[in-house]
Amino acid sequence: MQTEKAAQQAGPRRDDPSPRGGFMNYGLFRSRDQRIVGGVAGGLGERFGIDPVLVRIAFALLSLSGLFGVVLYAVLWAAVPEAGNSTPAVLAPKTQRAVAMGMIVLGVMILLRPLGLWLGDAAASSLSLAALGAGVIWLTSPESRRERWSRNVAERMPDGPMETLGATDRVGKLRVWAGALFVAGGVLVFLQRTNALTAAPGIVLAVVATIGGLGIIFGPWGWRLLRQLTEERRERIRSEERADMAAHLHDSVLQTLALIQRTDQPKEMVALARNQERELRAWLNGTPTHRDQMLSGALEEAASAVELQFKVPIEVVTVGDAPMDENLQAVVEACREAAVNAAKHSGAAQISVYMEVEPHAVTTFIRDEGTGFDPSSVAPDRRGIAESIRGRMERSGGSVTITTEPGGGTEVQLTMARSK
Amino acid sequence: MNDARIKVFLVDDHRLFLSGVRSELGEEFEIVGAAGEPAVAAAEIVAAKPDVVLLDVHMPGGGGRAVLEAVHRDHPEIRFLALSVSDAAEDVIAVIRAGARGYVTKSISPNDLSAAIRRVNEGDAVFSPRLAGFVLDAFGGEVAEPVDEELDLLTQREREVMRLIARGYAYKEVAKRLHLSVKTIESHVSAVLRKLQLSSRHELTRWATERRLV
């Protein structure tokens, strides 16, 4: 099955318009699809129609006899160009790949042991533990994150070791060489001193040099990874904000629009639309939070509540402003009551509220062009005007003037002296 | 509507709104053109020679103010009435200072809009209650020494007129309450508009921006 597929893919692969023409024009490419380490075995399999697994086994056998397989693989990896972008470079079966990498690392370490390059059992066991831990993290982390990691790594490994380490320009190459020299120096000093462990300062120096070298080589890579993570976090916050905004618009504006289309009561429709408009505008303008502690804000809030309840538009105009206090609270309450009366009884299509804040007094007018009424005909037991408007204002030291006549509309004037 | 109908030009980037206004005003006025983009609007207005331009304030590409400034300099005889969904102070004050003869919000009823167009065409100013409120607010506090008293302060009468308009009274009712003729009220209103446009009070612009912070 796999063989068939590989053979089918081998055909078109040779026609790839690769500028390098393949390995000496033999049509050999490193595979991007059948890849565990470098895609060499996969490429060979595709080229000659053999199952890549067999090729891999061959490489493994050759490696047992004195590293020949490893060297051959390395040479081919360096010499054979990578296949064109037929399919995106998916690092297929992830677990398989991870296990293979781990085994290669382990094998290399064991091979190094007889050569006297063994790091010591402590170092080896801690390395193994670290590798095991990384493997566990890799396998248990969510798929999306794993993909991002491998993408990050893959992006950093385009061609050779230099590019892998970010050495794409002259300065970068210099940096890598300097780092490599540091590492080599560190290792050399370390090897020299392992026999004479008494020279503690030397070891410290060696360790510092090694760490410094590693830092120079891998520092930028780590830095970039960190930057990428920050960028991702920022992106997440941004998208949360967008979601917040969408939710807000959805709850208010879209909801209202949907209702408007269904309702056959124009009055309610207008009130709804007006209320949403006001809310949206306040939200878009980012109205300061302390606005409701100001007189104008409190008045507008009261007006919009009445408007929403009685479905009569209320036009509020304020001139000047003042921080809320008890007396002004009484004004707002009285004003609300007057607006409710106008909305309930006048039959007017619109109510105008005008408030002017002057240094010595606050004057408010609530006006409608409705039916009006005869003040003398209002029954004394009707408490609306008497108690909630006049009583409230007078208790706080204010006054009320009502101008009205049947058929001529009504205007309620509230005056409140300002406490200094 | 005497011998010739008033020629009106519409500038608005909302097609739906344009067609709505067109059908509302089409009977009484002659719609000589409409434009949706500020970039082309100025040239089209000059070519169409309308009496009154209905101008949307918020548009992409400079907004209504850019159109107003481009036309107003060379053609002061073309009158502008700003029509906007926004009633934010800095929008209103900005287009009035740039030369618009009035400012009404889009929620205005068709009858009121017709009346406003006629009034602007006759050379008068149009003050909505909210605009009157802004004027009182801007000229209200005696914060600094006026540079030019003629321009930088409202007279007592003008202040009374503005207050009544802010309270929701029509010009006719204002005239009745103050025992004046409608013509006198109109001249007061025009005087206030002139002051609003020419006043050197730098508080006027500062006020508009500050007010949003309060």
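This report walks through a predicted model with a chain A and a chain B, one region at a time.

## Before you start

Residues are numbered from 1 along each chain as its sequence is written, while chains are lettered from A and ligands numbered from 1 in the order in which they are written. Because the model is predicted, local features need pLDDT of at least 70 and side-chain atom pairs count only at pLDDT 80 or more, whereas totals for chains, interfaces and linings use all residues.

## Chain A at a glance

Of its 420 residues, 22% count as buried. Here "buried" takes 20 or more other C-beta atoms within 10 Å of a residue's own, "exposed" 12 or fewer, and "partly exposed" anything in between, with C-beta atoms placed from the backbone.

Look at contacts in chain A between residues at least 6 apart in sequence, and 65% of them join residues at least 24 apart. A contact is two residues whose C-beta atoms, placed from the backbone, lie within 7 Å.

## The sheet of chain A

Which order do the five strands take? They form an open sheet in the order 1-2-3-5-4, with mixed pairing; strands pair if DSSP finds at least two bridges between them. Strand 1 and strand 4 (399-404) of chain A stand at the edges with a single partner strand each, so one side of each has no neighbour in the sheet. On average, neighbouring strands are turned by 10 degrees against each other, direction ignored.

Strand 3 of chain A is joined to strand 5 (residues 410-417) of chain A by eight bridges, and the two run antiparallel. Along that pairing, Thr363(A) sits opposite Thr415(A) in strand 5 of chain A. Helix 13 (residues 326-346) of chain A lies across strands 1, 2, 3 and 5 of chain A, running at about 10 degrees to strand 3 of chain A. Such angles run from 0 to 180 degrees between N-to-C directions, and axes are lines fitted to C-alpha atoms, for helices over the stretch in contact. Helix 6 of chain B packs on the sheet too, touching strand 1 and strand 2 of chain A, and its direction makes about 10 degrees with that of strand 1 of chain A.

Met355(A) belongs to strand 2 of chain A and counts as buried because it has 28 C-beta neighbours inside 10 Å. Leaving out residues up to four places away in sequence, Met355(A) touches Leu299(A), Thr318(A), Val362(A) and Thr364(A). Its C-alpha atom is separated by 8.3 Å from that of Ser296(A), 59 residues apart along the chain.

Lys311(A) lies in the loop between helix 12 (295-310) and strand 1 of chain A. Though not a glycine, Lys311(A) has a positive phi of about 55 degrees. Most residues other than glycine have a negative phi.

## Where the chains meet

The contact between the chains takes twelve residues from chain A and ten residues from chain B. On the chain A side, strand 1 (314-319), strand 2 (351-357) and strand 3 (361-368) each supply at least two residues. Strand 1 of chain A gives the most, with four residues.

## Inside chain B

Strand 1 (residues 7-11) of chain B is mostly covered, with four of its five residues buried. What runs parallel to it? Strand 2 (residues 30-35) of chain B does, joined by five bridges, and so does strand 3 (residues 52-56) of chain B, joined by four. Val8(B) stands opposite Ile31(B) in strand 2 of chain B, while Phe9(B) has Val53(B) in strand 3 of chain B as its bridge partner.

Elsewhere, the axes of helix 8 (residues 156-166) and helix 10 (residues 182-198) of chain B come within 10 Å and cross at roughly 100 degrees. That makes helix 8 of chain B roughly perpendicular to helix 10 of chain B, a label for angles of 65 to 115 degrees (under 35 is roughly parallel, over 145 roughly antiparallel and the rest oblique). Helix 8 of chain B has Val161(B), Met162(B), Leu164(B), Ile165(B) and Ala166(B) as its buried residues. Their cover includes strand 1 and strand 2 of chain A.
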